[in-house]
Amino acid sequence: MSADPMSDLDLYPVAEKAPERVRTPTGKPLSALTLDAVLSGDIGAEDIAITPEALMLQAKIARAAGRATLAENFERAADLVRVPQELILDTYELLRPGRAADAQQLLDRAALLRRDYGAARVAALIEEAAAVYARRGLFVKRY
Amino acid sequence: MSDLPRDDAPQNSNRWRRFAEWDERPLRHDLFAAENPEAGFSVFHSPYDPAPSLSIEGGRVTVMDGKPAADFDILDAFIAAHHIDPDMAATAMAMDPGDIARKLVDINVPRQELEALARGLTPARLAEVVGRLSALEITFAYAKMRQRQTPGNQAHVTNAKDDPLQLAADAAVAVALGFDEIETTMRVASNSWANALACTVGAAVGRGGVLFQCSIEEAEELQIGLAGLASYAETVSVYGTERAFIDGDDTPWSKALLTAAYASRGIKARCTSGAASELLMGFHEQRSLLYLEARCLCLQRAMGVQGTQNGGIDGAPLTASMAGGVRELMAENLIAVWLGLECASGNDCRTSESEIRVGAKITPYLLAGSDLICSGFGSIKKYDNSFNPSLFNGEEIEDYLLLQRDFQTDGGLTPVEEDQVLGLRVRAVEALAAVMEELGLGSVPRARMMSVVFASGSEETESYTAGEVTPISAAIKARGLTAIDVVRALARRGFTQEAENLLLMLRQRISGDYLQTSAMVRDGRVMSAINDPNNYSGPGTGYRMPEPRWQAVQGIRNVLTRERVLAAENVGEGGAEADWLVPAGPAEKGVNPHEVVIGVSPGFGRQLHQTTAGHALADVVAALVGGITAGGGTARVVRMLHTADTSFLGLAAARLSGSGFGIGIQAKGTTVLHQADRMPHMNLELFSNAPLAGLDHYRALGRNAARHTFGEAPEPVMVPTHGEALGARFHVRVALLYAIETGLIEPGGHPVELDYRPEMRAPEAAQ
């Protein structure tokens with residue numbers, strides 16, 4: 001693998017090999033995350049988060065390592081970065097058995113995620129679930 | 001413990017009493033289950049398991065393991081859509097399962113080639129292949145197929161009171177012990193935020209840089225992770241049947257979304273699955289444990305999670321109750337790594353009350369290595385483990401450290417020193433107290449801190465109770481406190497190194513490097529299957545402990561060196577003659593028919609002054625002489641120079657003795673009663689277990705020797721043993737001491753008459 005000088009594997013670990021490729025959500029470089037910056041308030045909790053770009057970079061690395069399904073997970077994660085926590089948790093709840101009343105409810109959620117957040121890969125996962133849930137009778141209320 | 005009536009009249013009992021003794025052993029608390037596929041009790045294969053099969057049309061799976069796509073349950077559907085690689089399936093499924101099994105143990109077949117094959121194999125075929133391997137072959141294949149080269153380990157850090165001070169102190173100790181991950185949970189669910197904060201602070205003390213998590217309900221765990229108070233999650237549980245899955249209140253799609261959600265917050269995640277969970281949940285479909293687990297694992301790879309906590313887990317005791325169950329736990333771990341998943345390989349649940357079964361359970365993992373050997377080693381005491389006792393616990397950490405040293409294998413743990421640990425515990429509770437004060441979470445009384453520092457477990461502490469913790473936990477959550485607030489609080493109160501350690505972990509979140517397969521953080525650097533891939537391909541490859549690491553593993557307590565032994569044994573360097581045993585020229589054969597010669601070894605009373613039982617040699621000689629005298633004999637003491645061997649000491653003494661009876665004794669206390677015309681090793685009496693020989697025994701032996709000179713055949717003196725592992729207890733000392741004796745041997749040296757002067761005995765020799 002190291003024979004290919006352009007292998008994405010050579011970027012790993014990104015924090016050491018390619019730190020310039022990642023930034024905090026507020027656009028700061030890794031080198032800005034110092035204790036002094038935390039104490040002065042230049043770095044806050046909002047900086048301690050991963051970006052879609054970093055996740056897509058890790059997806060490329062995973063794919064180069066022959067781990068395609070892991071890469072797809074990172075890509076779905078990239079979709080979710082900008083989705084608010086409450087909406088993620090609500091969608092998770094909706095995907096649990098018996099929560100959605102019918103397939104349409106799931107399809108509506110998929111459409112919303114695709115439209116408002118560009119979360120196409122997560123939307124596809126939910127649509128796939130809707131079809132299987134319908135076939136397997138998972139829209140039965142559990143409580 | 002037994003409720004059965006005890007038989008107090010054994011002569012009337014038609015039972016070998018050994019069975020009654022066996023009944024009392026801890027092992028007898030364990031339950032053992034019979035094979036019964038209809039009831040879900042089958043390990044490697046059930047007659048209800050499907051035959052492996054796979055049909056693909058137009059790039060889509062149409063039949064898998066005998067089931068057409070229209071009948072796929074939720075697991076089949078997800079596995080068919082996301083696990084099966086259509087490009088690999090035809091080749092892989094056409095291969096002979098025996099050939100694949102052989103590839104798994106063939107050092108010439110690279111791991112990557114086998115991982116590629118696995119992407120084309122169905123659950124039933126994966127189970128079939130690993131089922132062909134013996135326990136030894138599974139272990140070997142695991143060593144070859146596991147993902148990250150450097151092994152690691154994970155600790156449980158919990159306590160019965162949810163006491164944050166103890167959590168912090170114990171987390172710091174766990175880090176010092178070398179654990180790469182720390183997992184906490186709580187007795188009271190609402191204490192989760194306080195537990196997470198306490199472990200976050202404790203884990204930043206000392207070496208720092210470990211991944212930590214707080215195990216709780218999914219939504220809450222994600223919130224805690226988002227606040228930076230957890231860096232990984234492993235509660236993404238999956239199950240091997242549709243009804244168990246639904247009963248667990250999830251589906252493959254809900255779990256796949258959750259997995260992506262964790263990654264989207266920069267949190268490492270692994271799934272959890274293990275044999276017998278379906279059986280415990282009542283939905284086993286009469287399938288074998290291994291087949292159901294193969295489904296779980298294919299599903300996990302399909303979901304795109306980087307790894308799994310796998311190997312029975314909560315179902316491990318039930319699995320271990322079945323014949324071949326422990327082999328099955330290893331087999332499912334092998335499927336996990338074969339599928340390219342990080343494996344936190346179970347060993348996190350006490351599968352037996354038998355310490356022998358526990359030690360045997362862990363051994364293959366120590367030999368093979370694992371990403372995380374235990375998915376929760378109880379670093380705290382058993383009763384403090386809020387997950388339930390682990391396979392190994394705080395009580396047994398030193399046993400584990402010894403297993404590493406015995407097999408020269410890296411189980412991920414490092415011995416700690418008493419002063420070091422105490423310092424870390426003080427630092428941890430002080431750091432947490434400072435953070436709590438700084439963040440307005442309360443003032444911590446010094447007495448509470450000190451009670452935790454010295455306590456082995458929560459039963460000994462006078463600190464927070466679970467009820468007192470709840471409002472603290474609620475405040476952390478309600479005020480939205482994050483790990484950045486903790487960094488700030490630490491730094492403001494002078495805990496700069498701890499603040500830096502915590503910030504280092506938070507910084508990792510931005511690059512996402514530790515989201516990759518088998519990632520851990522060591523010395524501030526991420527190591528994973530990407531930059532530290534397992535490349536085992538035979539002797540000289542794969543993980544070998546670097547020399548400094550091996551030195552560290554050897555650093556257990558109380559290792560004896562020659563210097564320490566000699567100092568402890570009061571060994572005289574000069575070898576001066578004792579005042580009570582004075583040389584008096586060459587020894588000659590005696591003529592007194594009731595004489596008993598005591599032949600002492602070269603170092604006796606000169607360099608060496610006490611037996612391994614701790615008796616002063618002067619006391620031993622006094623006992624022997626006193627016994628001989630009481631028996632009507634006359635004692636004479638002679639030093640042998642030509643030998644230090646008990647038999648020859650005794651025989652040489654006997655041949656110098658006027659009666660033909662003599663006693664040979666080594667300085668360590670081993671003693672023989674001999675007769676002049678016997679073969680060297682056909683003695684009359686022998687005290688071979690010197691550590692058990694008391695002064696009364698020596699006195700009785702002296703008396704017996706004297707009675708032999710009168711032609712009597714006295715009852716030999718018995719030194720009772722109770723099965724003590726005397727070799728383990730004494731041989732290090734014995735070998736070092738005996739070497740002193742053998743070093744003094746003069747091969748042609750003539751025996752020396754010794755003038756026994758009990759009145760001259762040095763006061764310090766009296767004990």
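**Conventions.** I number residues from 1 along each chain as its sequence is written, and letter chains from A and number ligands from 1 in the order in which they are written. As the model is predicted, local features need pLDDT of at least 70 and side-chain atom pairs count only at pLDDT 80 or more, while totals for chains, interfaces and linings use all residues; side-chain values use heavy atoms, with hydrogens and water left out.

**Domains, chain A.** I looked up the domain bounds, which come from an automatic or database domain assignment. Chain A has domain 1 (1–81) and domain 2 (83–143), with C-alpha centres 28 Å apart. I find six residues of domain 1 of chain A in contact (heavy atoms within 4.5 Å) with eight residues of domain 2 of chain A. Between them these two domains bury about 690 Å², 57% of it on carbon and sulfur atoms; buried area is the accessible area (1.4 Å probe) that two parts lose on being put together, summed over both. On the domain 1 side of chain A, A:Arg76, A:Asp79 and A:Leu80 lose the most area to domain 2 of chain A, together 80% of what that side buries.

**Domains, chain B.** Chain B is split into domain 1 (1–554) and domain 2 (567–765), and their C-alpha centres lie 58 Å apart. UniProt, in an unreviewed entry, lists residues 15–562 of chain B as "domain: Diol/glycerol dehydratase large subunit". UniProt positions are given in the numbering used here, feature names are shortened, and annotations may be inferred rather than shown by experiment. I note that this span is 46% helix and 9% strand, and its end C-alpha atoms lie 50 Å apart. Helices (H or I, at least four residues) and strands (E, at least two) are DSSP runs, numbered from the N terminus.

**Interface of B and A.** I count 71 residues of chain B in contact with 61 residues of chain A. The two chains bury about 5500 Å² between them, 60% of it on carbon and sulfur atoms. In chain B, B:Trp253, B:Leu257 and B:Ile510 lose the most area to chain A, together 14% of what that side buries.

**Pockets and cavities.** I use a 1 Å grid over the protein atoms alone: a cavity is a set of points where a 1.4 Å probe fits but cannot get out, a pocket is an open set with protein on both sides within 12 Å along at least five of seven lines, and lining residues have an atom within 4 Å of a point. Grid points are joined across faces, edges and corners, and a volume is the space filled by probe spheres set on the points.

The largest pocket has a volume of about 970 Å³. Of its 33 lining residues, B:Gly394, B:Ile397, B:Glu398, B:Val416 and B:Arg557 are closest to its centre. H18(B) gives the largest share of this lining, six residues.

The second largest pocket holds about 630 Å³. Of its 30 lining residues, B:Ser237, B:Thr272, B:Gln309, B:Ile313 and B:Asp314 are closest to its centre.

My search of the whole structure gives six cavities of 30 Å³ or more. The largest cavity holds about 130 Å³ and is lined by 14 residues, with A:Arg67, A:Thr69, B:Arg301, B:Leu339 and B:Gly340 nearest its centre. Helix H4 (residues 68–80) of chain A supplies the largest share of that lining, three residues.
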